[in-house]
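Let's take a walk through this protein together.

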Amino acid sequence: KVEAPESAASTDGMTRSMCAMALFSQAKGEYDQLKASGTWQADSETNRAFHRRWAQQCFDFAVTHGGLYIKASQFIASLQNSSEAAGVPSEYVDERRPLTDRVPPRPCEQVASVAEAELKAPLETLVTSVEQKPIAAASLAQVHRCTVKERLVALKIQYPTLAEQINADFDVMMMMQGSVAPAGY
């Protein structure tokens with residue numbers, strides 16, 4: 001049973017921001033070093049391996065921190081054949097593709113409180129049953145099957161930490177985007 005790590009629920013914007021900036025700075029520094037060394041050759045196996053290594057680290061970061069980091073990864077994965085034209089190495093697109101339909105879910109008990117707050121009542125008073133395992137999980141929410149008055153329904157529940165995370169994560173992404181050169185070099 002694979003679930004999102006506990007850190008994906010962190011609302012500590014400063015820690016999340018610092019982790020994102022540290023990863024970004026380290027990657028950018030290594031890209032700059034490679035470019036300055038004169039060994040950068042577009043489309044070489046060495047460069048593709050370099051991109052794959054950083055793409056994997058970015059994927060791991062997105063899964064660990066969730067929210068907008070997964071949403072941004074889903075956007076990158078959507079580029080597919082136009083990624084090079086958009087200045088994104090294909091390795092970054094390929095590495096993020098699993099996040100378009102296989103985001104690790106959160107435990108039901110973590111998200112149930114959000115549904116209860118939105119619906120202003122305990123779930124057990126509103127539904128006959130809720131399947132603990134979600135049928136889908138995405139960047140900002142997940143979906144559980146529920147039974148309401150003998151009818152099967154889908155209950156989409158936002159992640160409980162989303163509101164607190166989103167502003168800090170957005171600020172970090174805006175800072176980083178101004179420092180990225182097309183194609184990562």
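Start with Glu-150, which is exposed at 80% relative accessibility (exposed means over 50% relative accessible area, buried under 20%, and partly exposed in between, using a 1.4 Å probe and protein chains only). Glu-150 sits in the loop between β3 (141-148) and β4 (151-158). Helices (H or I, at least four residues) and strands (E, at least two) are DSSP runs, numbered from the N terminus. The phi of Glu-150 is near 65 degrees, a positive value in a residue other than glycine.

A quick word on what you're looking at: this is a predicted model, where local features need pLDDT of at least 70 and side-chain atom pairs count only at pLDDT 80 or more, while totals for chains, interfaces and linings use all residues. Residues are numbered from 1 along each chain as its sequence is written, and side-chain values use heavy atoms, leaving out hydrogens and water.

Now hop to Lys-120, in the loop between α5 (108-119) and α6 (123-126). Lys-120 has a positive phi too, near 60 degrees, and is exposed, with a relative accessible area of 73%.

Time to head inside. A nonpolar core is a set of buried Ala, Val, Leu, Ile, Met, Phe, Trp, Tyr and Cys residues joined through side-chain atoms within 4.5 Å. The largest one here has 25 residues, and Tyr-31, Phe-50, Trp-54, Tyr-69, Tyr-92 and Leu-99 touch the most other members. Among the elements giving it two or more residues are α1 (13-37) and α7 (162-177), but the largest share, eight residues, comes from α2. Apart from this core lies another, of 11 residues, including Ala-112 and Tyr-159.
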